[in-house]
Amino acid sequence: MILTAVAQPRQLVNGETFDGKIGLWRVMEERVCLRTTLYHNRDDVYSHDCNMDAGLYRQFMTNECAYGDSFDGVFGQIKLKMPNVRNITVVIRQDGAKPHTGRGNLDFLRERGQRDGFNITVVTQPAQSPDMNINDLGLFRSLKCRVAHAWLVDERRSLEAMMEKIDELWQEYDYD
């Protein structure tokens, strides 16, 4: 499972162009292999995809946990990549999945979005509203086609190889 965040591409104050890519993160946990298998030796640490729950979603949004050196959470990446929106309301649209709205996440995220002089608001989009979900309609479909094509020519065929390919294609993805 992957968590992505995108925004509208725009010109920044300093003349640079923001490509709209905020971040792409793999939803996983690290496990220790208890016995030797076909894929891992005993005591190897490996990545295992896990289900998103309300607590994990909260962590990914606000950077309370870190999976790797580059993880900075959605809020952190917004602050890093769009510093000129400090005085503008940033609206994050999410679907109504239970992990996104469960355990008081909306109130928690609303409070966390008001820190450091930023005004980040999280709203839940209406159900069955495809015109508001750019990830499902555009990004995921296009990325899925590109990854499927690249996956066919890759001999490794592991989850790690697939995530490397997804990350590579995400970086190459043109904002137009």
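Start by selecting Thr 36, which you will find in the loop between strand E5 (28–32) and strand E6 (45–49) of this predicted model. With a relative accessibility of 53%, Thr 36 counts as exposed, because the cut-off for that label is over 50%. Now show what surrounds the residue: setting aside neighbours within four places in sequence, Thr 36 is in contact with Asn 41 and Arg 42. Zoom in on Arg 42 and look at its backbone nitrogen, which the side chain of Thr 36 reaches at 3.3 Å.

Next, turn to the charged pairs. Side chains of opposite charge can pair when their charged atoms come close.

- Select Asp 19 and Lys 21, a salt bridge whose closest N and O atoms are 3.7 Å apart. Colour the two by accessibility: Asp 19 is partly exposed at 28%, while Lys 21 is buried at 9%.
- Move to Arg 31 and Glu 29, whose side chains meet in a salt bridge at 2.9 Å, N to O. Arg 31 is partly exposed, with a relative accessible area of 33%, and Glu 29 is partly exposed too, at 29%.
- Then pick Asp 116 and Lys 79, where the N to O distance is 3.0 Å. Asp 116 sits in the loop between helix H4 (105–112) and strand E8 (119–124) and Lys 79 in helix H2 (residues 73–81), so this pair ties together parts that are 37 residues apart in sequence. Asp 116 is exposed, with a relative accessible area of 55%.
- Finish this stretch with Glu 111, Arg 112 and Arg 115, which are linked in a network of salt bridges.

Now hide the charged side chains and go inside. In soluble globular proteins, nonpolar side chains tend to be buried together. Which residues touch the most other members of the largest nonpolar core? Select Val 74, Ile 78 and Ile 92: they do, out of 24 residues in that core. Elements giving two or more residues to this core are strand E1 (2–6), strand E4 (21–26), helix H1 (54–62), H2, strand E7 (89–94), H4 and E8. The largest share, four residues, comes from H1.

Keep Ile 92 selected and show its contacts. Not counting residues up to four places away in sequence, Ile 92 touches Met 61, Val 74, Phe 75, Ile 78, Ile 120, Thr 121, Val 122 and Val 123.

For the last stop, select Leu 24, Val 147, Leu 169 and Trp 170, which are among the seven residues of a second, separate core.

How values were computed. Residues are numbered from 1 along each chain as its sequence is written. This is a predicted model: local features need pLDDT of at least 70, side-chain atom pairs count only at pLDDT 80 or more; totals for chains, interfaces and linings use all residues. Side-chain values use heavy atoms; hydrogens and water are left out. Buried means under 20% relative accessible area, exposed over 50%, partly exposed in between (1.4 Å probe, protein chains only). Contact means heavy atoms within 4.5 Å. A polar contact is a pair of N or O atoms within 3.5 Å; within protein, one must be able to donate a hydrogen and the other to accept it, and residues adjacent in sequence count only if both atoms are side-chain atoms. A salt bridge is a side-chain nitrogen of Lys or Arg within 4 Å of a carboxyl oxygen of Asp or Glu. A nonpolar core is a set of buried Ala, Val, Leu, Ile, Met, Phe, Trp, Tyr and Cys residues joined through side-chain atoms within 4.5 Å.
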